[in-house]
Amino acid sequence: MTYDIPTFAKLGKRLDREQAISLATVEFGPELTAAAAELRDSGFGSAISYSRKVFIPLTHLCRDVCHYCTFAEPPKRGEAAYMSIEQVLDTARRGAAARCTEALFTLGDKPELRYRVARDALRDLGRSSTLDYLFEAAERTFAETGLMPHLNPGLMDLADLRRLKTVSASMGIMLETTSERLSARGGPHFGSPDKLPAARLETIRLAGEAGVPFTSGLLIGIGETRLERIDAMIALRDLNDEYGHIQEIIIQNFSAKEGTRMKAAPEPDLEDHLWTIAVARLVFGAQMSIQAPPNLAKGTLGQFIAAGINDWGGVSPVTPDYVNPEAPWPHIEILARATEAAGKHLVQRLPIYPSHIRNVGKWLAPAFRTPVLDAVDTHGFVRAEHWSPGRVETLPGWTRNIADRATSPAVHGPMSRLLARAQAGHSLNEAETLTLFDAREGDLVAVCRAADELRSAVNGDVVSYVVTRNINYTNVCSYKCKFCAFSKGKLSENLRGTPYDLSLNEIERRTIEAWERGATEVCMQGGIHPDYTGETYLDICRAVKSAVRNMHVHAFSPLEVWHGAETLGVSLPEFLSALRDAGLSSLPGTAAEILDDEVRDVLCADKIKTAEWLDVMRAAHGVGLRSTATIMFGHIEQPVHWARHILRIRNLQQETGGFTEFVPLPFVHMEAPIYLKGQSRRGPTFRESMLMHAVPRLVLHPHITNIQASWVKLGAEGVSVALRAGVNDLGGTLMNETISRAAGASHGQEMSPDLMEQLIRENDRVPLQRTTLYQSASDERRHAAFSAPEITEVINTPLLRKNETVRERYATRRERHG
């Protein structure tokens, strides 16, 4: 049958067995590689990954006698059968010093079944088997050096796999081939019982049953046909369809070695290797990692990228490739330059791939879950910087390139075209938005600069801020949001601090004091107190307005609005109209977190859903209330959720025009319950934080024209970079910021107008004190703000006395206030 390769690549359709087998007759050429590269790009974007590793050959003894192998050696007089634990740890420590993250354990298959010297050595070590000794070596390596073991010990049964999973991040075994004839007399696997295809496939199957992130692949050029290669690919794909555990497929080329029976055997040529890579990409699809070892590449590295790989495998700056000692690893800087020259970015990964990090509870033993999540960014690659939101940290070096306009970043053609489309106001789709979030190196600088140019064209050099006071009226909450370190009480996730519920008198006092200190706004939010009703929120609005008639009331997240309407049994528009009439002026766009229910079902399962959040905002805009829009990112979500969130905000803005600004809120992890339980990452990287300001500037244009940076989470230095990545607003002075502080942020509770304007001027921008709705603050308000007295200590009203309800307390207050 004929097979239209380009159509498959464009539509992303999966090949059935017949279609896959038909590829055996497809000739190598640009049509084949272009289809493979297009498919790869749809799954992995511009990233080409590698693992920075050390190679630990625990033993060279093996019961198999593969005719091409120089790794396996017979016992030698005077040589130990196994590396000692101290030798293992010494190698691992050298790897840790060289910033490696993987300890690759490779060893012969069950040598004790063939050699007495192995049995004696194991007895002296107090171990029952090679796999038992491997367990100790891997356990000690991880515990004492932090390197994550990847184990390649050969055939294993289910018990072996389950036990070794507890001390490793991943495992693997090369299938090599499904050809039984290669195990017959005269074949390269004759005399090697562990190379029987059925036995190897069973180990791979059992790894799936054990939930082990697994590596496998083909060894090409040992006598198999192209049809047999495709048969092996289909066998691996079938197992992965059942278990989902195979994280990469290695396409390794046979290399003839002196001292082996196959030293004179012909090696596969470059074209054959590239053909197999491209076919593997088409067979396995866009989401499977396809790897080719760079030290065995016979052509230029760019040719392998063009054929469809997305991974170089493990590369060691410390140890040689003991399996292919004649082929040294390329220097990582050379590998990076070659990858860049091919239009891609080299990124470091862990031995467990990003595809499986997305579900660490399934694929990793408990000991590895927190270290893995701590080590990776949102894409699942190794964090390239130490920065985390809310901490006082040195910013990464690449940030200097954003401001240095004398240099031009190396930008790939597709990115340049995409940025031009965004700046021209074209609506970018989900895939295009994801491409922007993929930006690294020169592309990253280009995205930030493009956002800054658009900011300049839309907003000029004015950077605005609002003098506001945060009033968080209660920290008691009946919801169980896993990220929240603010809420307190029996039903909250974290019992740090003292539960409180502010009196109306205290809310009024803080409002009056805020006005005296130059505020034009009070921003009010709180936990969902189980006794609060819609009437409570109405009372709070009335209290503010009775205290200061001209104060702008910016209050109540969509969750609070939903709760208030539900408790009063009225519709959203009815309740929002009542709030407006009681004094509410606009809504904060919080409780959004990530507007995608895949994330919300884990992060805040009992909170309002995405559609409900959008419904509240649609209703608010419908009754004349403006609102902000936020995103809280850097915890458990993936970049695709960022894109969906931003596009949902854009769609609603096109419908209502009610959003005033977009506010990225980097997740502050230090005291967050979900982080303390080892279930989240430690916030976004600084690269991700800057992209979360730059990309919305481009994607939301021209519908939302104000992009705000949170100085509480980024700090002054971080804000300075954000001002060159699309930001034109620094939000509020706050006076009493408590939510980020409760999560562990260290950048203070208030930034005075003096300091705010100093920061803006230091960045060559023009400060503007604004109102909530982006009008200039009056001269009277500016004078009050710049001559503000010291703030008095807040009074957090303790919880109700026994048998008193919130409703009764507020009723008493209403009587007192008339």
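**Entry 1: a strand pair**

I started with strand S12 (residues 521-525) and strand S13 (residues 552-555), which run parallel and are joined by 4 bridges. Valine 522 has valine 553 as its bridge partner in S13. For my own reference, strands pair if DSSP finds at least two bridges between them, and the numbering of elements follows DSSP runs from the N terminus, with helices (H or I) of at least four residues and strands (E) of at least two.

A reminder to myself: this is a predicted model, in which local features need pLDDT of at least 70 and side-chain atom pairs count only at pLDDT 80 or more, while totals for chains, interfaces and linings use all residues. Residues are numbered from 1 along each chain as its sequence is written, and side-chain values use heavy atoms, leaving out hydrogens and water.

**Entry 2: the whole sheet**

Next I traced the open sheet of 6 strands, whose order is S11-S12-S13-S14-S15-S16 with parallel pairing. Strand S11 (468-472) and strand S16 (659-666) are the edges, each pairing on one side only. Neighbouring strands are turned by 30 degrees against each other on average, direction ignored.

I then found helix H25 (residues 610-622) lying across strand S14 (584-587), strand S15 (626-633) and S16, at about 160 degrees to S15. Axes here are lines fitted to C-alpha atoms, for helices over the stretch in contact, with angles from 0 to 180 degrees between N-to-C directions.

**Entry 3: helix H28 and the core**

Which residues have the most contacts inside the largest nonpolar core? I noted Leu436, Val447, Met524, Phe556, Leu579, Trp613 and Leu730, in a core of 122 residues. Helix H28 (residues 686-699) gives the largest share of this core, 8 residues. Such a core is a set of buried Ala, Val, Leu, Ile, Met, Phe, Trp, Tyr and Cys residues joined through side-chain atoms within 4.5 Å; buried means under 20% relative accessible area with a 1.4 Å probe, protein chains only.

Is serine 689 buried or exposed? This residue of H28 is buried, with a relative accessible area of 0%.

**Entry 4: H26 against H28**

Last, I looked at helix H26 (residues 639-656), which packs on H28 at an angle of about 35 degrees, their axes 11 Å apart. Trp642, Ile646, Leu647 and Arg650 of H26 meet Glu688, Met692, Pro696 and Val699 of H28.

Terms used
Contact = heavy atoms within 4.5 Å. Buried < 20%, exposed > 50% of the residue type's maximum accessible area, 1.4 Å probe, protein only.
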